Structures are given as C-alpha cells and as structure tokens.
Amino acid sequence: MVLFGVTGDLSRKKVMPAIYDLANRGLLPAGFSLVGFARRDWADEDFAQIVHDSVRQHSRTEFREEVWRQLAEGFRFVPGDFDDDAAFGNLRRTIEELDESRGTQGNHAFYLAIPPTFFGAVAAQLKEHGLARPEPGQWRRVVVEKPFGHDLASARALNDILGEVFESGSIFRIDHYLGKETVQNILAMRFANNLFEPVWNGNYVDHVQITMAEDVGIGGRAGYYDGVGAARDVIQNHLMQLMALVAMEEPTSFDAESLRVEKLKVLASVVLPKRLDLHTARGQYTAGWAGGEQVIGFCEEEGIGKTSATETYAAVKLGIDTRRWAGVPFYLRTGKRLGRRVTEVAIVFKKAPHQPFSATSTEELGNNAIVIRVQPDEGMTIRFGSKVPGTAMEIRDVNMDFAYGSSFTEASPEAYERLILDVLLGDPPLFPRHEEVELSWQILDPILDHWAKKGRPDAYPSGGWGPTSADAMLARDGRVWRRP
Ligand SMILES: NC(=O)c1ccc[n+]([C@@H]2O[C@H](COP(=O)([O-])OP(=O)(O)OC[C@H]3O[C@@H](n4cnc5c(N)ncnc54)[C@H](OP(=O)(O)O)[C@@H]3O)[C@@H](O)[C@H]2O)c1
C-alpha cells in the first residue's frame, strides 16, 4: 500500500493504527509493505519511529513490539511534492524493490489521505509513471476519502479524473460509516429475521429519524470545514447511506452489485418537500457548554471569519416515493456541539389503531420505536408500552435493549480495519459507487442552493440540541425530535 498524506491527521489517527490492528490480528500477509509519501525529508527509520508513536497512541488492540517490528520491516518513506516528477520516479523504484524483496507481486493499493484538490495531480502522476495500470494477473486499486466533491458538478468532475486513470471497479470510496459493525447489522437485522420486515413499511411506520450528533466543535479543522458545513460533511454521505440501507428492498445477494442496485433505487426515489423553508433547518453554534466546560462559538474559532455562513447543524425532511415508503417522512439531522455524541436510526411506529383503555391509562404511552444505536453504546432498543405494576391499568413506555458489549465477547473492529482489509481483498460491497455519490448530491444540491440565498444560519447554543427552527420544522408535522 502506498499511503499519500502519511503525515496527516487521518493517516496518523485512523489509517496507520488500523493497519497495525490488522497485523496484530494476523490478517495481513507477511509480505505486506507500506510506502509513505509526503513532503518531509525523513529517512525510513525516522518514518518508522513517528508512525510507531502514533500507532501506540491510537491503535485499538494491545501494542506488541514483535508485531510492530515485523510490520515495520516493510515500511519505506518517499519524500516529495505531488508535482515532483523525480519523487514519483523514486516511488516507482521503491515499489519495484518491494515487489522483488517482499514478494508483493505487483499488487498495489494507493490510498489518497490528502486534500481532494490534489486527487487529479496524484492520479496523473501515477498514470505518467506507469503505476496505475496492472500487468495481467496483478491488481491496482485507489482509495479516496470524503468529501467526494462539493456538489453534483464537482463530484462528476472528480469521478472523471479518477475514471481516466483507474477502472471503475478499482476505485474504493471510503464512507467509514459503512465499515461500522452496527451499520452492517442493519442488513442482518432486517434480512436475517422474520420479526421486523413485516412492519418495516408505511402501513406501520410513522416516520424515521436518522441522527448523527457530535458534542465536539470543529477542533483544528477550520480550513476543511468552513465553506463545507454539516450537510456536505455528513448528510450527503453518511446519513444518506444509512437512509438507503434502512429503506432499501432485499438485495438478491450480498455482493456489491446487488447492494448497489437496491441503494440506487432508494436514492433515485427520494423527493424533496415543496417548501424547503418549512421543512429544512440549519444552524451555527454559539458559545455555551460542552463536557462541563465553557466553549466558544463557531465564528470565534481560529481560522473562521466573524460572519461565516457555514452551517454546523443541518436537518432535512425527505420522502421516498415507493410503495413501501410513500407518505413516511425521513428526517435526517446532524450537528456539532450538541448535547451528546450519538448516532442512531429511529424507526418510529404509528400508534395502535385502537386502544381499549381509558385515556388516562395511556397518558404516558408514546409511539413504539426501534432504535438502532450506531455509536457509542452500540446496539438496539425496542420501545413499547407495558402495564405499570399496581391495581390500576396504567401503561407506560419501556425499553428492551440489545447491547453488543453484553451479547458478544469480541470487541468490534474499527471501521477502518474492515475497510482497509476489504481494499486489499478487492471486496467492494461496503464502498459507495459513483452513481450513489452523484444521486446524493442531486438530492442535496437544491437544499444547499436554497440555503445559500438565505444568508446566515440560525444560532444555537453549544450543548443544546440545535436551533429552534429545527424543532419548529418537526412541530409543523406534529412530531418531535428524539432527545437521545
Ligand atoms: N482527519 C479526519 O478525521 C478525516 C476524516 C474523514 C475524511 N478525511 C479526509 O482525508 C483526507 C486527508 O485529511 P487529513 O485531515 O489527514 O489532512 P491533513 O492532516 O491536512 O493531511 C494532509 C496530508 O497531505 C500531505 N500533502 C498536502 N499537500 C501535499 C503536497 N503538495 N505534496 C505532498 N503531500 C502533501 C500532507 O503532507 P505534508 O507532511 O507534506 O504536509 C499531509 O500528510 C482529506 O481528503 C479529508 O477530507 C479526513
């Protein structure tokens, strides 16, 4: 694997630790080799030491020096800028040497953990230096990180750039949510059981809420985040993928093609509300509290302008025009500096058509719900009504919980472990294809255009649950957001 941007935040915190964890679990072949590429002038040994330190800090599994030593024998570092021809010549020689000395046999994955503006330059260099096309019996793959574009037009341009150099089946777009156990479990839960699917439709489901809430602010990532915002950063990719998995029909099998066909049908059936002003909301965090500490607002963050119009909270209502989902709203929301870090999918059911109890008996009975807890506290909750012990017939909501931690002894691997292994195995079901990416932008673009005309987002205090306009958006439909 060639890791471009090996000195960056993503490589140090996620990619390199996941590679170590795979090695530690015995899942990498002995000849696995890694070439880091970035601008620093490091020797191979400096590189190994620096990666060693970040892996020690961020790996999921226990750090074992002997595993590390064996893995690091296959590490090389190539210094250079992306426009430096000589550096790519050096990269080619390094790879050829590894093919010979470590038996990697011409099978190469290029991981672009770099700002997307450089994808074109790196792809062109790989083509120019004969690194992109495999000889018969070998493979070449390229891995790219979100954001896959800024809107539909730029996503298409990006796909064209990569498509000119790599075959479409060799392009792996990482949406790390798809690597999460709990997300894959949506498919297991829906299609391995007979309990849920009969009620998984508009006859029984009132609405669906998909939430990704973060308690942190933008941290040191002002350069990336400003001008991007919550909808592009999270809704376009993670939340639309979650929605597709929740809403899709059963695929004919679990190969990449069959899954993609079903996800595409969902995305192609999405309809936007006519009044975007009433059925979308966006906000920007102001000063407040997080984790018991006072925190500053978005516009006071380092690197953010005082009048930035970037949203840090976004909520949208989408419809899916299929027989299964007609009339069932899907509410998607995400935000930074909210009350808690939580990602969940809540299927909220209609009330029972008839209650043979007095109104006072059911005062505290809400809607039944299935809540898939994606993170943290991974698992699932089913909420239903139960009689409160006592002489009166009083019915109240109770929860039935499934928690990964108590049902399984093995800890869940990190999403990046699964996804990197899949890249090496050439197994693509958990990677969105360009058609899905483009359809997601097609859904989001009109909302982004609408917001762009409206000036600045609504303010919301850090530590709360978003702007009041988001609450009003649901109240108009006679519903409320869940407070996880
Ligand atoms: N960080 C995250 O949590 C995260 C999450 C999801 C997706 N992503 C995506 O992952 C990618 C990388 O993000 P990041 O946060 O890791 O970025 P980052 O910390 O800014 O790292 C960028 C890397 O690219 C290298 N680089 C930049 N310009 C270069 C050039 N002209 N020539 C050679 N190397 C160059 C840098 O190397 P030098 O040492 O030479 O500067 C550095 O290693 C982006 O596409 C981002 O959107 C990141």
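**Stop 1: the ligand**

Select Lys-146: one of its backbone N or O atoms sits 3.0 Å from an oxygen atom of the ligand. The protein buries 82% of the 890 Å² that the ligand exposes when taken alone. Accessible areas here come from the Shrake-Rupley method with a 1.4 Å probe, and for residues only the protein chains shown count as cover.

A note on the model before you go on. This is a predicted model, in which local features need pLDDT of at least 70 and side-chain atom pairs count only at pLDDT 80 or more, while totals for chains, interfaces and linings use all residues. Residues are numbered from 1 along each chain as its sequence is written, and side-chain values use heavy atoms, with hydrogens and water left out.

A polar backbone atom of Leu-10 is 2.8 Å from a ligand oxygen atom.

**Stop 2: two cis bonds**

Return to Lys-146 and step to Pro-147. The peptide bond between them is cis, with omega near 0°. Pro-147 is in the loop between strand S5 (140–145) and helix H6 (152–165). Helices (H or I, at least four residues) and strands (E, at least two) are DSSP runs, numbered from the N terminus.

Next, select Gln-375 and Pro-376. They are also joined by a cis peptide bond, with omega about -15°. Pro-376 is in the loop between strand S15 (369–375) and strand S16 (379–387). Most peptide bonds are trans, and most residues other than glycine have a negative phi.

**Stop 3: positive phi**

Stay in the loop between S15 and S16 and pick Asp-377. Asp-377 is not a glycine, yet its phi is positive, about 55°. Is Asp-377 buried or partly exposed? Its relative accessible area is 47%, so it counts as partly exposed. The cut-offs are under 20% for buried, over 50% for exposed, and partly exposed in between (1.4 Å probe, protein chains only).

Jump to Gln-105, in the loop between helix H4 (85–102) and S4. Gln-105 has a positive phi near 60°. It is exposed, at 57% relative accessibility.

**Stop 4: His-108**

Select His-108, in strand S4 (residues 108–112). His-108 is buried because its relative accessible area is 7%. Show the side chains of His-108 and Arg-140: a polar contact of 3.3 Å joins them. Leaving out residues up to four places away in sequence, His-108 touches Ile-95, Asp-99, Trp-139, Arg-140 and Arg-141. Contact means heavy atoms within 4.5 Å.

**Stop 5: the whole chain**

Zoom out. The chain has 15 helices and 18 strands. Along its principal axes the C-alpha trace spans about 80 × 50 × 45 Å. Of the 484 residues, 55% are buried.

Note on methods:
Polar contact = N/O pair within 3.5 Å; in protein donor to acceptor, adjacent residues only side chain to side chain.
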